[in-house]
Amino acid sequence: MKIHEYQAKQLFQKYAVPIPQGGVAFSADEAVKVAESLGEFPVVVKAQIHAGGRGKGGGVKLADSMDEVRALAGEMIGMTLVTHQTGEEGQKVQKLLIEQGLQIEKELYLSIIPDRETAMIAIMASEAGGVDIEQVAEDTPEKIIKVFIDPLLGIQGYHCRTVGYGLNLPSSILKQFNQMLPKLYRLFVDYDCSLLEINPLVITKQEHVIALDAKVNFDDNALFRHKDIVEYRDLDEEDPLEVEASKYNLNYIKLDGNIGNMVNGAGLAMATMDIIKLAGAEPANFLDVGGGASAEMVENGFRIILGDKNVKGILINIFGGILRCDVLAEGVVTAAKKTGIEVPVVVRMEGTNVEEGRKILQESGLSLITAMDLRDAAQKVANLVK
């Protein structure tokens, strides 16, 4: 789960991590009020969307007067902001963060992420802050500092010093940094984060270390422990079909292709998407209905696939184990009759009660196409779409 920058900074403030003064605004009038409360110029007007690269897309601008604040806020609220992370369709801006301007001496990069290869928590840092860190990692990987922490032991003083010395921080700054880093680590662990990133972490001309930016993502599977974080969820920033799928505990991710697919099991779903591509088509989604799906879940999954206007064909690939083939067939038939089918549907089923499932499909009166194996199914649906 992602949250906005202003929400991440609220968490930073809770852990006494230094941030610029500021506040969130949902209109031009509110933006002016926040700017007035700061008491000096320049101020920074920052669009709040769940994507990086906002500055390059025109979503971060300086204002030197109240008139500029009002004008910029009026321009940004309601605009469609396009960045390298939003794709060409962009994201509508509905809120702004208004912050004090800082006199920046140096920009750094800092992040904390889980490292699954080592089963440790990794701190990544670089002196090349404020730019595309992915490009830095590709072109000059030697500029990336990595420190690994055993989660059972937690962060130690030598971890902080290793990062600080690697960033070539002067002694006056190093002390502040060594106090701040354990607080960020504690936030990361306390809230089951999947990412904590500050780009840039700045050193001001007054020799203060301040988190100028803040990006925090959370492990969805741990949200039941953090009701306060769930309240930060912004459904306007998520795909409507993914929001709908989450209501029924369906693992759905929208993609850019035109072949909708429904599968039981994440591994089988990945393999199904691969074979769709091998057949010369593109998957429109990832949908794992799960091993214990009910007919109602299957029905909702099928309805959500049909809700994607880009879908020109559907491949249903089920290996009946816990989810029996007859249950899957009942769900598909019910959903198809309720919503109507205007695209070809290819069904490949094997496993428990497969004959009963095939009989339900055959007697449904629907124009469903059966396939003998996965390769056959993928090729049939790809050919039909072409």
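Predicted model: local features only at pLDDT ≥ 70, side-chain atom pairs only at ≥ 80, totals over all residues.
We've got 386 residues, and 49% of them are buried. The protein has 13 helices and 18 strands. If you take the C-alpha trace along its principal axes, you get a span of about 75 × 50 × 40 Å. On the contact side, looking at those with a separation of 6 or more, 69% come from residues 24 or more positions apart.

Take α5, residues 157-166, and α6, residues 171-190: they pack at an angle of about 130 degrees, and their axes are 9 Å apart. As for handedness, their crossing is right-handed. Who's touching whom? From α5 it's C160, R161, V163, G164 and Y165, and from α6 it's L174, F177, N178, L181 and P182. Sort the residues of that contact by type and you get seven nonpolar, two polar and one charged.

Now let's zoom in on two side chains, starting with E99. E99 sits in strand β6, which covers residues 96-100. Buried or exposed? Its relative accessibility is 2%, so E99 counts as buried. What does its side chain pair up with? There's a polar contact to the side chain of K9, at 2.6 Å. If you skip the neighbours within four places in sequence, the contacts of E99 include E5, P20, Q21, V43, V44 and L212, besides K9 itself.

Next one, Q48. Q48 is in the loop between β2 and β3, that is, between 43-47 and 60-63. Its relative accessibility is 1%, so Q48 is classed as buried too. Here the side chain goes for backbone: Q48 reaches the backbone nitrogen of E5 at 3.3 Å. A polar atom of the Q48 side chain also lies 3.0 Å from the backbone nitrogen of Y6. Again leaving out neighbours within four places, Q48 touches H4, E5, Y6, R54, V93, K95, L96, L97 and E237.

Okay, that's my bit, over to you.

Note on methods. Residues numbered from 1 in each chain as written. Heavy atoms only, no water. Helix = DSSP H or I, 4+ residues; strand = E, 2+ residues; numbered from the N terminus. Buried < 20%, exposed > 50% of the residue type's maximum accessible area, 1.4 Å probe, protein only. Polar contact = N/O pair within 3.5 Å; in protein donor to acceptor, adjacent residues only side chain to side chain. Contact = heavy atoms within 4.5 Å. Axes fitted to C-alpha atoms, helices over the stretch in contact; angles between N-to-C directions. Left-handed = near helix turned anticlockwise from the far one by under 90°. Nonpolar A, V, L, I, M, F, W, Y, C, P; charged D, E, K, R; others polar.
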